[in-house]
Amino acid sequence: MKSAILATLIGSAAAFAPAATPMRNSALSMSTETTTEKAFAKLPASVKPGVVTGPALVDLLDAAKEQGYAIPGVNIVGTNSINACMEAAASYGGPIMVTFSKGGGQFIAGKSVNNDADQASIAGTIAGAKHVHEVAALYGVPVVLHTDHCQKAWLPWIDGLLTASEEHFAATGSPLFSSHMLDLSEEPLEENIGICKDYLEKFAKVGILLEFELGVTGGEEDGVDNTDIDSSRLYTQPEEVFYAYEQLSQVENGAFTCAASFGNVHGVYAPGNVDLQPKILMNSQAYIKEKIGSDSDKPMKFVFHGGSGSDVSDIQEAIGYGVIKMNIDTDTQWSYWEGIKNFEKKWHDYLQEQIGNPEGADKPNKKYYDPREALRAAETNTVNRLDQCFADLKCTNILGLGAAEEADNVLGPRRGGLPV
């Protein structure tokens with residue numbers, strides 16, 4: 001791993017708004033770069049190693065849109081998967097988005113803990129976020145702290161996280177979380193955007209970005225099941241995107257991204273079984289540009305959910321239309337499990353008893369069943385799988401870090417670890 005870049009994120013999140021439009025002059029349209037020395041040659045000077053929030057986050061997403069890449073947004077379930085994300089970012093040289101789901105937050109707190117009022121989901125998500133704040137800069141990469149789908153019934157979860165960000169902002173000048181997704185796509189459009197607008201008013205005060213959803217992402221993920229949804233709802237219309245853009249742009253210092261549906265489906269599917277229509281995004285951009293008289297061909301920042309099984313050409317076409325982040329969950333769930341599965345297969349005969357293996361009946365097996373070994377195998381396999389994700393999203397070598405050194409903070413044969 002490259003040596004740590006110990007610079008910390010500086011600046012206030014007070015000036016925070018969507019891309020400039022004729023409807024409103026906003027601090028978001030101004031570069032936050034002044035005389036600050038750049039940490040990454042291809043990124044704005046405001047973007048530093050560690051958690052990225054406020055104007056620096058908007059600068060980062062604008063850079064992705066302008067330079068034509070998307071940031072991997074990886075769902076995590078604990079510190080091992082969090083660390084794998086940041087290791088992959090350092091290895092492949094791109095920014096990373098660490099994404100907490102409500103269920104993932106509950107798992108971090110402990111599945112035995114009562115969650116009737118979302119207290120476990122709130123506490124676990126906050127605990128995971130604090131872990132990222134403590135270690136992210138050590139990896140030398142910019143990290144976006146994000147939360148995933150929050151439907152209407154789950155809004156108390158976001159309320160709890162917002163309170164934590166408000167406290168963090170009061171103490172540090174930046175929020176605990178970079179961004180939150182509100183998925184109110186099951187509600188009527190006006191209600192969906194009305195609630196989003198109310199939350200964006202609160203988010204803007206502490207420099208949190210809003211991600212909202214229009215249309216419905218098919219399939220099933222983390223308790224949200226849309227497998228039987230009417231297929232027509234999988235495709236968002238340009239008029240809906242503009243309505244959301246127009247309404248949310250009225251929020252002073254508000255910043256937002258749009259998860260517009262263009263045939264996306266959660267889960268894993270064989271290539272060719274998902275009918276993506278990326279041109280929906282192109283048409284939406286053109287519609288907004290005409291309506292507001294924008295100089296930009298891509299006034300909206302889009303995000304991409306349900307990418308598993310998608311053809312790479314469709315993914316990269318969508319990036320060309322303004323997609324700046326793609327969610328990744330199903331594939332990294334498999335890579336994590338596959339790492340453990342392969343570890344067990346390789347060392348099967350050393351994992352049956354505490355003592356006794358092919359080397360002798362009295363030989364101890366402690367170094368084989370040490371949980372760190374199997375968990376490290378899961379991390380490494382996930383890092384390797386994310387290589388393809390970074391490449392597909394054209395998000396490699398963005399940071400200019402060069403080749404990452406091999407990690408040396410894991411057990412090796414000289415310290416009781418396993419042979420390579």
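## Close-up views of a predicted model

At 1% relative accessibility, Glu213 counts as buried. This value, like the others in these legends, was computed from a predicted model.

**View 1. Glu213 and the residues around it.** Glu213 is part of strand β6, and its relative accessibility of 1% places it among the buried residues. Leaving aside residues up to four places away in sequence, Glu213 touches His149, Met181, Leu182, Asp183, Ser185, Asn192, Ala259 and Ser261.

View 2. Between β4 and β5 the chain passes through helix α5, residues 155-172, in a β-α-β crossover that is right-handed. Strand β5 is also joined by four bridges to strand β6, residues 209-214, and these two strands run parallel; here the bridge partner of Met181 is Glu211 in β6. Together with helix α6, which spans residues 189-206, β5 and β6 make a right-handed β-α-β unit.

**View 3. Cysteines without disulfides.** A disulfide is a covalent bond between the sulfur atoms of two cysteines. How many disulfides does a search of the whole structure find? The search finds zero. For Cys85, the closest cysteine sulfur is that of Cys389, and because the two sulfurs are 9.8 Å apart, they are too far from each other for a bond. Cys258 is likewise in no disulfide, with the nearest cysteine sulfur, in Cys196, lying 9.7 Å away. Both cysteines are buried, Cys85 with a relative accessible area of 1% and Cys258 with a relative accessibility of 0%.

**View 4. Tyr139 in a loop.** Tyr139 is found in the loop between helix α4, residues 119-135, and strand β4. Although Tyr139 lies in a loop, its relative accessibility of 17% means that it counts as buried. Tyr139 and Ala90 are 49 residues apart in sequence, yet their C-alpha atoms are 6.3 Å apart in space.

Key:
Residues numbered from 1 in each chain as written. Predicted model: local features only at pLDDT ≥ 70, side-chain atom pairs only at ≥ 80, totals over all residues. Heavy atoms only, no water. Right-handed = clockwise from strand over helix to strand, strands pointing away. Pairing = 2+ DSSP bridges. Disulfide = S-S within 2.5 Å. Buried < 20%, exposed > 50% of the residue type's maximum accessible area, 1.4 Å probe, protein only. Contact = heavy atoms within 4.5 Å.
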